[in-house]
Each structure stands twice: as C-alpha cells, then as structure tokens.
Amino acid sequence: MSVDPRVSIHPDSSVLMAAIAARLITKLVDVQDKYGEATVVLTGGTVGIGTLKAVADSPAAPAVDWSKVNFWWGDERFVGSADPERNTKQAFDALLSHIPVDPERVHSPGSSDEFGTPEEAAEDYARQLRDAAAAEHAADMSDDRPEEPSALPRLDVVLLGVGPDAHIASLFPEQAGVREKERTVVGVRNSPKPPPLRISLTLPAINTAAEVWMVVAGEDKAGAVGLALAGANPVQVPASGPRGTSRTLWLIDENAASRVPEQLVRKDAAGA
C-alpha cells in the first residue's frame, strides 16, 4: 500500500545533500538493526552523487556496517564500464571506494563491454534481481514467508533524481519505459538526454520499495516537481509515479520548491 508523499525543503543544495546523507546513514542503521542487512538503490546526477560524497565525509558513516549493505542502481548509461558517465563509476569514486563494501553485494547493471544491446543488459540486471530475491527467500525462516520468491529483493530505500522534463531513473515522458507494467527492468533507446542507450528499473519495480526518496535541487526542476506533486499522469510526468509502500519523501532545496502545493510542505528539514 502506497502513501501520500511528504515534502522536506532545505535552504540550498549543499545543505540538502548533507541532510540526505545523514538521513540515509540513520535509515541504514535502523534497517540493519531490524534485518541484519540493508538494501539501497542509488541514483546518479548532481544531488545523487553529491549525497554519496557527503556520506563518505560524514563522521557518522562508520555506524553503518557497510559490508552488509546491498547496492543497486535505478538506472545506468549503456556505455563502456570505465566511461566516466556511468552512474556506477561515479558512485565508486564518491563513496564505494571509501567504505568497506562486500563486492558480492554491489550489483552493477551491465555495460556495453559485456552486452551487445541495452535490452540484453536489462535482462541480465533483471536476472540479478531475481537471484537476489531467491536467495533472500531461501534465507527467510519466518512463518509468513511467501511460497514463491518475488522477482525483486526487499528494497529498503530507493533514491531518485528528477530531470527538468520530470524523468526519473531513465524513464522519460511518453516513452515505452514509463508505460511498462510487467517487467522490472527495461532497455531504453532514443533517450532525449545523452547518451541515448540506457538501462532502467521500471515503475512497478521502484514501487515495491519500502521508502522512495525523491532528491531534487535547482530552479530548473521546479516545474517538474510541482507537476509531480500535483498528481500529474506518470506517462507525461514520470516523477509523479514513484510511491514507497511505507513512505515517499521529496527532499528538495528552496529553488526546486517554488511550485510545490503548500499543503504538502514540511518545513522542518530534520523531520522524520
């Protein structure tokens, strides 16, 4: 069951990224206390990567057992594995190379070095997700364990940026990816934002997450944020589509907030 989004506004992008980093560290600690491990889906972009740098710089970062965090990505550019445009490479440079991760828990979408098409890479990424879900299912000894494993592991937090056109991950307005209802991962062609070939989680996959955090800064995003929070159709405004099963948070700066419906605004930046 999804819930209505809440909005927390921060004075500027640097304060925003520090606040998201602090919130993420706290959330991962809490989830690990409950489950023994935690799973986060990362995003690229200025705020996404800046947040990871803020996590790496935080004196609270060692509170997380990073060896028991599972890392996934919401989308990836279908380019060479060493390409600086890769979200995974930027995340390694900003955070993952600075913390004691378990390489087996870092799940990178495939690159053009490994696969001939983004569709092949998307299929492989979907397989990785299924395999993780099956392992999680096998390890679950609870009485309410479902009979069959899901296509997705438990996703504790999904981080998503928003483009000026309101795209999220690599789901762009009016394109096939944002209309997908069944698959968990799609290959993307003809992206209006370079590079044109990409891999992306779908909205049905994103919306299995316990918490979805929309992380946005900049005046150029204000229109997209306002439309999304006003309840626009996700086909035209993909950013309106994500909903966490327990919480949906919009963590934004003042510049991105000018068109946010007032009743949704939570001014206390440290609010839960």
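Analyst: The second largest pocket is lined by 22 residues, and those nearest its centre are Gly 44, Gly 45, Gly 161, Val 162 and Lys 193. Two or more lining residues come from each of α2 (45-57), β4 (75-77) and β8 (211-216). The largest share, four residues, belongs to α2. Helices (H or I, at least four residues) and strands (E, at least two) are DSSP runs, numbered from the N terminus. This is a predicted model, in which local features need pLDDT of at least 70 and side-chain atom pairs count only at pLDDT 80 or more, while totals for chains, interfaces and linings use all residues. Residues are numbered from 1 along each chain as its sequence is written, and side-chain values use heavy atoms, with hydrogens and water left out.

A pocket is found on a 1 Å grid over the protein atoms alone, as an open set of points where a 1.4 Å probe fits, with protein on both sides within 12 Å along at least five of seven lines; lining residues have an atom within 4 Å of a point. The second largest pocket has a volume of about 330 Å³, a volume being the space filled by probe spheres set on the points, which are joined across faces, edges and corners. Its lining divides into eight nonpolar, nine polar and five charged residues. Here Ala, Val, Leu, Ile, Met, Phe, Trp, Tyr, Cys and Pro count as nonpolar, Asp, Glu, Lys and Arg as charged, and the others, Gly among them, as polar.

The largest pocket holds about 650 Å³ of space. Its lining has 28 residues, with Glu 37, Ala 132, Glu 136, Pro 153 and Arg 154 nearest the centre. Both β3 (69-73) and α4 (118-139) give two or more residues to this lining, and α4 gives the most, six.

Now the rings. Rings of Phe, Tyr and Trp (its six-membered ring) pair if their centres lie within 6.5 Å; planes under 30 degrees apart count as stacked, over 60 as edge-to-face and the rest as tilted. By this rule there are two aromatic pairs. Trp 66 and Phe 71 have ring centres 6.4 Å apart and planes at 15 degrees, so they are stacked. Trp 72 and Tyr 125 are tilted, at 5.7 Å centre to centre and 55 degrees between the planes. This second pair links strand β3, which holds Trp 72, to helix α4, which holds Tyr 125, 53 residues apart.
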